[in-house]
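Please look over the model shown here.

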4 protein chains.
Amino acid sequence: MRLKLGMVGGGKGAFIGGVHRIAARLDGHWDLVAGAFSSDPERAAQSAVDLGIAAERSYDSFAAMAKAEAARPDGIDAVAIVTPNHLHAPVATAFLRAGIPVICDKPLASTVEDAEALVRLVTETGLPFILTQTYTGYPMVREARALVAADRIGRVRHVQVEYLQDWLAEPVERGGQKQAAWRTDPAQSGVGGCIADIGTHAFNLATFVTGLVPHALLADLTAFGSGRVLDDNAAVLLRFEGGAKGMIWASQVAPGAKNGLRLRVVGEAGGLLWDQKHPDELELTPIGQPTRILRRGGEGVETPYRLPAGHPEGYLEAFGTLYAEAAGIVRRFREKADSDGKMVVPTVSDGLAGMHFIAAGVKSHEGGAVWIRL
Amino acid sequence: MRLKLGMVGGGKGAFIGGVHRIAARLDGHWDLVAGAFSSDPERAAQSAVDLGIAAERSYDSFAAMAKAEAARPDGIDAVAIVTPNHLHAPVATAFLRAGIPVICDKPLASTVEDAEALVRLVTETGLPFILTQTYTGYPMVREARALVAADRIGRVRHVQVEYLQDWLAEPVERGGQKQAAWRTDPAQSGVGGCIADIGTHAFNLATFVTGLVPHALLADLTAFGSGRVLDDNAAVLLRFEGGAKGMIWASQVAPGAKNGLRLRVVGEAGGLLWDQKHPDELELTPIGQPTRILRRGGEGVETPYRLPAGHPEGYLEAFGTLYAEAAGIVRRFREKADSDGKMVVPTVSDGLAGMHFIAAGVKSHEGGAVWIRL
Amino acid sequence: MRLKLGMVGGGKGAFIGGVHRIAARLDGHWDLVAGAFSSDPERAAQSAVDLGIAAERSYDSFAAMAKAEAARPDGIDAVAIVTPNHLHAPVATAFLRAGIPVICDKPLASTVEDAEALVRLVTETGLPFILTQTYTGYPMVREARALVAADRIGRVRHVQVEYLQDWLAEPVERGGQKQAAWRTDPAQSGVGGCIADIGTHAFNLATFVTGLVPHALLADLTAFGSGRVLDDNAAVLLRFEGGAKGMIWASQVAPGAKNGLRLRVVGEAGGLLWDQKHPDELELTPIGQPTRILRRGGEGVETPYRLPAGHPEGYLEAFGTLYAEAAGIVRRFREKADSDGKMVVPTVSDGLAGMHFIAAGVKSHEGGAVWIRL
Amino acid sequence: MRLKLGMVGGGKGAFIGGVHRIAARLDGHWDLVAGAFSSDPERAAQSAVDLGIAAERSYDSFAAMAKAEAARPDGIDAVAIVTPNHLHAPVATAFLRAGIPVICDKPLASTVEDAEALVRLVTETGLPFILTQTYTGYPMVREARALVAADRIGRVRHVQVEYLQDWLAEPVERGGQKQAAWRTDPAQSGVGGCIADIGTHAFNLATFVTGLVPHALLADLTAFGSGRVLDDNAAVLLRFEGGAKGMIWASQVAPGAKNGLRLRVVGEAGGLLWDQKHPDELELTPIGQPTRILRRGGEGVETPYRLPAGHPEGYLEAFGTLYAEAAGIVRRFREKADSDGKMVVPTVSDGLAGMHFIAAGVKSHEGGAVWIRL
């Protein structure tokens, strides 16, 4: 039986809402049946029509939607939040209070305080909360995590993540590029620019794969774009409990780089290398042996997948996996079944960790790129 | 408004039916509402339940389904045929005769004669017919085709395609591997093995991108697998009208190769290189200039896409594009609108070309690997 | 103690002579002490001065040089022949008759008859004869050969070689490009163009690595360049004793390809992939296991080398290895020591095999691309 | 006319001396005629015999050699210093005082003070001094430098260098691995481990290509190897005059990495990417255009080279280029010719910059990974 999905945000002209809808459709677990697609009533209504949503389930406000859907016998099973970042927390709060599970785009909130409040609310309500840190959905990222957990590369010594884009290399925000405009505006994006937008993905990937607990960071942030206030380039050093180290380089001004996300994990007994350019491959080198190319669907790889090896899966499949897992979590919740204890998909606590990362990074930067405890 | 899709084949335990369903869902153009999912009535019914199909629209036979759906006011807008190969032609015939557009998995038929009959029937009925040659849906394959058509590499001199798999390297058909069993059985697969199963994809890709018209081929087919009757390795030479040449190497016994599909086009004024290992990239070398890496969504690339450059799209997105285009074709058909004249997605005539390729290849082989006119 | 090297050809303005000299110097086994560097006496003398050769050992003709060096107590230990192709056989003959070992650039001769005569002469004289098929000197090509010989990939089923260049894509021979002029002139190059110039390298690589004995071939040769007589593009099918198959694509008109030499070997129990773009790597896939990247100097690789893994060796090092081995062979010859029985470097019989390949290819082509027994 | 080379260090059992000898031979500019190959007289003498050096020019001490060679009418034109690091400065001092040009392996010295003294001595004597920072000899590294200098990527914003090895992942120094033993011993290697051994190469590459002047750094050094005192992993942040930033990750404990040296330069108008895994390629992305693969010897590349594009050159060729340039510098010096003003090969001042880098890195580390002015 399919689950019923509602959506807040994602109306005409928006980008990430469409990606969520594809991801939700991919494996056939969800039907989109309700939405507050825009704060502009006309655009909200038109979007609902375009998406085939019944008029009565197209709402002008997220508050009205939370209330109405909670009251319906056939109300939504979960809401997907794809609004601008500063609305994530209030929308999530409204739906959680209405007893509705949440699937929320990252970042979790605009401030650490809001994020902490959400963590408390999720704990109190016991409701499912899924944070769509997309890269955690890649099969070979999960394989990497599983290999680390299974001690295949020994204790982790160093983790390195690069996340590079080039779309802000020129000051496109001045030319009316809407995505660039809100991302470079502190009023809409908060204190962090690049470190918040993509640095958090790099940070999440590092901890997701290694399981390491960070205890300090140092960030050298730069706003290279002419007239830009928020950072568009972030160099971050990390220290983890137990002595491991890490480095993140995130940049939005690196010509030639297109969502260039690359991870290297150095362990005492082996190493891993993964690159979003060919996400179906993972290089594993056990010390003293040749490097092996592990392939999704290929020999020696256990992580589930949709297609045979060599027929590439990509970003939408990774995203779809998060929605498939969200379906499983919501179904178990509704059936009051115990979780299987193997929660892989990121949740509200991961979102809080991301907010701590951003806050600490900005604080480090303001102190002149000094060490900050996490 | 979504279109209504029916499906023949693709019940529990089948593989390609599930891929079609994902592809159909991906862009939200189709709802699966009816099906004859298996020739085994029980399995058909259970599959319908699993897929959320109303019992009244779950059929025991494709013939019954074609008749019933044609009679319903809310009958399906198209049928997807995902049966074993030898049923493609009879099923397609039944639905075309019932006035229902067809989306058919490749190969088109089991014999050239059946394929020719289908071409005639499609011409007579004027119905839309889409052949899911998946690789033609990759954005950078289309970009390659567009570059050739726009004369960016000049007159094509040579086209080279490699399609390599390794799953038949060992005689797995003896161990009960079902996919291997029917593919190595002449009774179920016809006269061609590897040349039919993946050689046709290579051939289709070569002609799709270059627009060249083949006039002769020579095929050296081999059955390396112990006790195997059908070829599992095919070396093919091609000659095209106008003097261009081509080579295809297709193999299902190449260890380390996982759907390794690779295309190189040599033109008088430039060259192209594409590899399914990183389908979002296309190398273009204009003579006398450095090689350029064209990227889906990147600079200088016009072909439409779903995601920004660097967030990889893959096989399912390519497949989904065929379904999205099928939706457009069916809508225009229903609205009696003229086609836009830019039919890109393969159709019944491409299927016939594939059947000629297989037949000529086998004939060449039987003659001792000699030249055969196409 | 260093050996004394003489050289025929390679005067000012020549290309390959300089490469031989670097290769000879690389490991310090040879001193160049004599030469007939040009058939033009003035250029010969000037070249000798430039190369620091004593005037008395600079010769006007190879015949004079062979005679004089054979008579000197401190005469050369070997001669390197780097003349235009049609002189290889007469020069080699002169030095062999004078009792001097030969290091000869490929091809061995202009005709099969001349090549056969050389094979006989080498057998009669018992003199060392090294044919500089450079690609056989790459460490990972040798590792590939060793892996096949050690049965690591089982019986070979198919071997595929691509050798692609782009420098003849346009008719540069008309613009006075000297290298292009002689290579496209049947009077200077013989019956084969691309098939002789680089096709033989591909053929040699295929047989060197696999040890397979070819028994038939079919060649579809094309002269794409406007006004060109000799082929600049060659598609070749091969059949080997024992049932293995092969394909070669050699082209000199492929834009974007720069000495793009690539080898894939398909065995019953595993596969190999090597590409000159990164010659220090070899992909080995044992059936049922992940692909391993074997690296020169890395784990599990026995072939000798000069530098630690990761510090790339290239073409000159491969060439230098042939000279180093030539030194070992000549030293053992002078000491009347037995060979160690592990002759790896190509010799006169490999040169004859190459001549047979060219002759059969051209014959196949003239018959309309038909099968020819080797 | 060839130049005469002497060598200090590089006797039997040493590694880098052999590499210098190959590099010196490669282009035929140098003859090795004298040496103090070892501090052990017997090994020194035997090495001289092996290398074909006249007994009278085999010395027991570098001091004796400097004196004797300076006095000979046919004395050496330059000395190559390939001793353990702590002897670089005293040996160089001795030869400079004797009026003999120096080719010195890196690092320049053991301390900043010694390095500064050498800079003064070179200035006073006016003698040529070449520091063999090998990676600066790669053609495409030079092309990168030339592109930056020609403003092809605009003002540099960020430079990123990774230099990864894995040979110290396990505590091999305890097992008697000689190279590991001295590199992990502060008494022989000084205060820096990985940061000195390979971090300096990364630093040199960053400044060589960009021309940026560093003004501060921060280093987080770690000794992961059990019982190890010196760092084997270094994370470094850099700040340059004018506002550019940089990051270096150097590690000797990264399984799977084999001299993995990789450089990315981010400029206002374009980006560059170079990787030692395929040193003949350089990716150039002008903003708003597709990435171009520039190839040594290929279209649009001016930097000189030895071989046509596609025939790979590697580390030894890069090293050989430094020796070829050293020959040019020494010849101009002897002829009292003016330099051509385009000194590319690193010299004593680059060595001093490297020593400052190490000293500042260690000081930063000792302060708890804090910023240090350079």
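## About the model

This is a predicted model: local features need pLDDT of at least 70, side-chain atom pairs count only at pLDDT 80 or more, and totals for chains, interfaces and linings use all residues. Residues are numbered from 1 along each chain as its sequence is written, while chains are lettered from A and ligands numbered from 1 in the order in which they are written.

## Chains B and D

Chain D can be laid on chain B by a turn of 180 degrees and a shift of 0.0 Å along the axis, with an RMSD of 0.0 Å. In chain D, the C-alpha nearest the axis belongs to Arg292(D), 2.2 Å from it. Both copies use the same surface: 100% of the contact residues of chain D recur in chain B.

Ten residues from chain D and ten residues from chain B make the contact. Residues are in contact if their C-beta atoms, placed from the backbone, lie within 7 Å. On the side of chain D that touches chain B, three residues are nonpolar, five polar and two charged. Here Ala, Val, Leu, Ile, Met, Phe, Trp, Tyr, Cys and Pro count as nonpolar, Asp, Glu, Lys and Arg as charged, and the others, Gly among them, as polar.

## Strands across the contact

Strand β13 (residues 291-295) of chain B runs antiparallel to strand β13 (residues 291-295) of chain D, and three bridges join them. Strands pair if DSSP finds at least two bridges between them. Ile293(B) stands opposite Thr291(D) in β13(D). Strands (E, at least two residues) and helices (H or I, at least four) are DSSP runs, numbered from the N terminus.

## Domains of chain A

The domain assignment, automatic or from a database, gives chain A domain 1 (3-135 + 322-346) and domain 2 (139-307). Their centres, taken over C-alpha atoms, are 26 Å apart. The contact takes eleven residues from domain 1 of chain A and 13 residues from domain 2 of chain A.

## A buried helix in chain C

Helix α1 (residues 16-26) of chain C has nine of its eleven residues buried, so it is largely enclosed by the rest of the structure. A residue is buried if 20 or more other C-beta atoms, placed from the backbone, lie within 10 Å of its own, exposed if 12 or fewer, and partly exposed in between. The buried residues of α1(C) include Val19(C), Ile22(C) and Leu26(C).

Among the elements covering them are β1 (3-8) and α10 (315-334) of chain C, together with α1 (16-26) of chain D. Gly28(C) follows α1(C), and its phi is positive, near 75 degrees.

Technical notes
Copies are superposed by least squares on the C-alpha atoms of residues with pLDDT of at least 70 in both. Two residues are in contact if their C-beta atoms, placed from the backbone, lie within 7 Å.
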